[in-house]
Amino acid sequence: MAIPNIRIPCRQLFIDGEWREPVKKNRLPIINPSTEETIGDIPAATAEDVDIAVKAARNALRRDDWGSTTGAQRAKYLRAIAAKVLEKKPELATLETIDSGKPWFEAAADMDDVVACFEYYADLAEALDSKKKTEVKLHLDAFKTHVYREPLGVVGLITPWNYPLLMSTWKVAPALAAGCAAVLKPSEMASITSLELGEICREVGLPPGALNILTGLGHEAGSPLVSHPDVDKISFTGSGPTGVKIMTAAAQLVKPVTLELGGKSPIVVFDDIHDLDIAVEWTLFGCFWTNGQICSATSRLILQETIASKFLDRLLEWTKNIKISDPLEEDCKLGPVISRGQYEKVMKFISTAKNEGATILYGGERPPHLKKGYYIQPTIITDVDTSMEIWKEEVFGPVLCLKTFKTEEEAIELANDTRYGLASAILSKDLDRCERFAKASQSGCVWINCSQPCFWQPPWGGKKRSGFGRELGEWGLENYLNIKQVTQYASPNEPWGFYKSPSKLGNC
Ligand code: NAD
């Protein structure tokens with residue numbers, strides 16, 4: 001597919017089906033991470049815009065054209081959105097690349113996932129019609145109960161920058177499928193494609209207010225969304241520290257939240273792997289894909305001592321072969337990290353690791369052939385101790401650290417030696433061992449003989465400090481449904497008989 005040349009659209013906030021200038025008229029720059037140049041700007045919403053958007057969402061729920069739709073009717077909108085994303089895939093992938101630094105072919109693959117995710121939730125929206133009202137069997141004949149699965153209401157969706165449109169889709173598609181009205185607040189670091197989703201919603205005629213998109217800063221646009229009294233739920237994906245702030249603010253209103261946070265996931269490589277090169281490739285992909293900015297990056301390599309030297313030699317050869325370039329270039333496999341701030345943060349992790357006594361076996365620098373842009377070489381760190389920051393903290397950049405082990409017990413202990421619990425991976429021929437590992441892993445996802453493949457049908461989410469709640473699959477839809485029981489007294493002519501009836505007291 002040819003990579004198109006593209007102009008950055010100048011958009012406003014998407015509220016009530018229209019483009020609206022922010023009340024305070026503020027805008028934020030868009031910086032291309034591969035050139036460090038400002039290439040456009042996005043509107044910056046504040047509390048005033050949040051209030052307008054939340055009202056528009058509430059009105060959409062009150063109006064029949066959204067609030068009274070069946071799942072089948074909503075499925076049509078979701079399929080129309082999917083078709084438009086597919087039609088605009090080359091442009092959207094290019095915008096995503098310019099905005100986030102993600103290699104173009106990865107961005108294009110993300111667009112395929114966006115399409116599939118909207119289509120998948122269209123199917124679930126249709127299926128919801130037959131599950132909307134279900135009987136619940138009781139032990140008494142005097143009562144009958146049924147359960148409604150109904151839209152939760154107005155939901156606030158807050159997303160990060162590493163998979164900009166895809167992370168928005170993971171929330172928007174199930175929220176709309178469930179019949180909620182949503183206010184999406186994408187990351188200020190990469191909002192272009194989420195704003196383009198607004199244009200797509202306009203083109204397919206999604207009823208006004210069903211989806212509103214507010215770009216802006218976390219503390220100016222995200223925070224008032226979380227604290228807004230008329231928002232029924234917040235679904236958040238982002239960093240742990242922001243997750244804590246969101247949970248704290250939502251707790252003041254007893255507002256439900258789902259939190260998809262960061263991780264420091266392990267990949268455990270045993271000496272009975274099927275093939276050395278295949279294992280090395282999964283190890284690289286597990287950590288360096290998406291420029292190393294993956295929540296579930298298996299960034300702690302736990303390697304069996306018996307193959308350590310052979311494995312490391314091969315790992316180095318493969319790493320040296322990774323093409324680092326402008327992400328629009330064909331075959332780019334590693335682009336820049338998102339921003340100057342992120343670049344400095346990653347470099348600081350590397351220098352702290354060095355100061356704490358670890359060895360930078362490879363990388364750790366700006367690639368010499370790239371003078372501009374937030375590029376960092378793929379970095380491999382050895383001589384790591386479990387007390388070191390590099391072992392414990394999420395870097396969110398192309399940095400892999402390594403420890404060796406002798407026994408399976410030791411490997412499991414090292415794998416779980418983290419306050420996070422998003423994902424883990426194991427590479428071994430012994431499938432019984434893999435299953436033992438899967439059961440012992442304190443995480444929400446286990447990959448066997450691979451790392452990172454993520455599909456829309458199974459559940460996604462973490463435990464421990466990686467958050468709680470599940471997105472994707474049927475679980476993703478449940479996030480946006482209220483479960484309501486309706487219980488009926490089925491013998492209305494029979495007295496209940498708890499109190500004595502005054503008419504039967506015998507004094508008249
Ligand atoms: P971040 O926490 O800085 O920002 C995420 C979003 O929250 C942004 O839209 C931001 O504007 C908003 N925000 C910031 N402060 C806020 C506040 N006080 N109130 C409300 N909203 C606020 O995270 P990031 O740097 O954009 O993303 C990287 C993080 O996301 C990493 O930790 C990564 O692991 C995590 N992540 C997790 C998953 C997952 O599925 N678990 C997926 C992708 C990314």
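1. A backbone N or O atom of Ser223 lies 3.4 Å from a nitrogen atom of the ligand, and a backbone N or O atom of Gly238 is placed 3.3 Å from a ligand oxygen atom. Both distances fall under the rule for a polar contact, a pair of N or O atoms within 3.5 Å; within protein, one atom must be able to donate a hydrogen and the other to accept it, and residues adjacent in sequence count only if both atoms are side-chain atoms.

2. Basis of the model. The model is predicted: local features need pLDDT of at least 70, side-chain atom pairs count only at pLDDT 80 or more, and totals for chains, interfaces and linings use all residues. Residues are numbered from 1 along each chain as its sequence is written, and side-chain values use heavy atoms, with hydrogens and water left out.

3. Ligand, surroundings. The ligand is surrounded by 28 residues, the closest being Lys185, Glu188, Ser239, Thr242 and Glu394; a residue is included if one of its heavy atoms lies within 4 Å of the molecule. In the side chain of Trp161, an N or O atom is 2.9 Å from an oxygen atom of the ligand.

4. Domains. The chain comprises domain 1 (13-18 + 43-129 + 151-261) and domain 2 (266-448), with bounds from an automatic or database domain assignment. Their centres, taken over C-alpha atoms, are 31 Å apart.

5. Domain interface. In contact (heavy atoms within 4.5 Å) are 17 residues of domain 1 and 20 residues of domain 2. The buried area is about 1400 Å², with 65% from carbon and sulfur atoms; this is the accessible area (1.4 Å probe) that the two parts lose on being put together, summed over both. Between the domains, 6 residue pairs are in polar contact, both residues at pLDDT 80 or more. On the side of domain 1 that touches domain 2, α4 (89-100) and α5 (104-131) are the elements giving two or more residues, and α4 gives the most, with 5 residues.

6. Salt bridges. The rule (a side-chain nitrogen of Lys or Arg within 4 Å of a carboxyl oxygen of Asp or Glu) gives 33 salt bridges, but 0 across the interface of domain 1 and domain 2. One of the salt bridges joins Arg11 and Glu199, with the closest N and O atoms 3.8 Å apart. Arg11 lies in the segment before β1 (13-15) and Glu199 in helix α7 (residues 192-204), so the pair ties together parts 188 residues apart in sequence. Helices (H or I, at least four residues) and strands (E, at least two) are DSSP runs, numbered from the N terminus.
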